[in-house]
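Me: I'd like to learn how to read a ligand site. Could you walk me through one?

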Amino acid sequence: MSSTHTPPQTMGQQYGRRSWAEPWKIKMVEPIHMVSREERARAIEAAGYNTFLLRSEDVYIDLLTDSGTSAMSDRQWAGMMLGDEAYAGSRNFYRLEEAVQTYYGYRYVVPTHQGRGAEHLISQAVIRPGHFIPGNMYFTTTRLHQELAGGTFVDVIVDEAHDPTDLHPFKGNIDLDKLTALIERVGAAQIPYVSLAGTVNMAGGQPVSMANVRAVRELCDRHGIRIYLDATRLVENAFFIQEREEGYADKSIAAILKEFCSFTDGAWMSAKKDNLVNIGGWLAVNDEEVFDLARNMVVIYEGLHTYGGMAGRDMEALAIGIEESVNDDHVASRVGQVRYLGDLLTEWGIPIVQPVGGHAIFLDAKRFYPHMPQDHFPAQTLAAELYLDSGVRSMERGIASAGRDPQTGENRYPALELTRLTIPRRVYTQAHMDVVAESVKAVFDGRATTRGLDMVYEPKYLRFFQARFARR
Ligand code: P71
């Protein structure tokens, strides 16, 4: 060995600390493999350069989403065997109801098949035509349900959220001046609720501080406006509060989660994320009148109010998943893995949204492809290039996702043009993250000659799911 040899270092050693590891070991494995470059080229063309239209068999490492893609624990699988598949009054529903009440603190619970089912119910229950719904950045399905109920979504997130380089620790916060200005402009009576998301997905998984939700509550109380929460990734939000906000370092994730919810009037949930199940959702509120409306409506769209589209076994796995999701070691290792990937890319000078959020790395496609106009779909292009390079599947979160303004029919041009590498919970290892990081680097190194895409088929609703593209 030559004298210039430097011994390899573990991650912990590189950062001058002891390494940490996941608080679980693997009991069952699912084989994956990479298809050849020729097959990948064929597959992405057949998919119209849209990663939503790829077959998962053609994917090597699947970072499309963290939604419904988590690994369940042995306890959750054991719970599946305890499914009470009664049409009405399933025992598993009462377990789920109790888990939501215990950990989130709301009074009434309505089960739904997934998050958008709950968004539909709350939107139809409280939004009337002409209403305005302020929120901390839009989410695709959330805004669409608000619009379909006759409302207009108004973005009141802090300006920092729209700047991928700004290091503000709570980029998910609501800008109280923007919210006040809206209340003054349209009147509190026209605002059925503030739509507050914990860790803002489209901003890069950015958290909301406890101080902010407290202040929003005070403002809303003065005007008699409710606050409903998108609790989809609120556990991860609680982690950032524990890490960054004064006075919370010694509080548990569970305690922070419950305190946060206490400032709101209810929440809708895609249980496919934080709550560690492959399918499921719920709506929970404190107001009995809203509950009555939602519970009545659920039987039209989802199923009886004691299953809401889930099997009994799904509700049991969900109740257990809620308990597991607030474990401090679990959340630290989950966010830690996302950060591991983010640190590698940051060190290599690859443009990503900073600070790294809770569930994903967001590549900044505008800075990745500075030569590419937004009309040529840089983030969509980047997702296709990554798949071509290594079979890694990611998701566009830019102009295709933003869709068109329902009034003018014009394309919306979001400030953020991002490609999301979303990390499922308890699924991939550090070695997978290394493979992903190297692939992003390879695509980055080849960026100068990359050309964009044209949209050749555009569906009316949530176009990004089914749109097709062609190379320019
Ligand atoms: C994600 C998803 C799944 C998805 C949805 C729409 C477009 C692409 C991917 C779903 C969410 C979410 C938030 C904050 C509500 C839903 C809907 N996210 N709020 O990120 O992130 O929940 O999918 O269970 O219906 O990949 P649902």
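**Reading the ligand shell**

Reply: Gladly! Helix H5 (115-126), helix H6 (140-148) and strand E11 (395-397) each supply at least two residues of the shell around the ligand. Helices (H or I, at least four residues) and strands (E, at least two) are DSSP runs, numbered from the N terminus. This is a predicted model, where local features need pLDDT of at least 70 and side-chain atom pairs pLDDT 80 or more, while totals for chains, interfaces and linings use all residues. Residues are numbered from 1 along each chain as its sequence is written, and side-chain values use heavy atoms, without hydrogens and water.

Me: Which element gives the most to the shell around the ligand?

Reply: H5 does, with three residues.

Me: Which residues come nearest to the ligand?

Reply: A residue is near if one of its heavy atoms lies within 4 Å of the molecule. Of the 21 residues around the ligand, Thr 65, Arg 116, Asp 230, Ser 270 and Arg 420 come nearest.

Me: What polar side-chain atoms lie by an oxygen atom of the ligand?

Reply: Look for polar contacts, pairs of N or O atoms within 3.5 Å. A polar side-chain atom of Thr 65 is 2.6 Å from a ligand oxygen; for Arg 420 the distance is 2.7 Å, and for Gln 114 it is 2.8 Å.

Me: How many residues of H6 are buried?

Reply: Buried means under 20% relative accessible area (1.4 Å probe, protein chains only). Seven of the nine residues in H6 are buried, among them Arg 143 and His 145. After H6 comes Gly 150, with a positive phi near 100°.

Key
Polar contact = N/O pair within 3.5 Å; in protein donor to acceptor, adjacent residues only side chain to side chain. Buried < 20%, exposed > 50% of the residue type's maximum accessible area, 1.4 Å probe, protein only.
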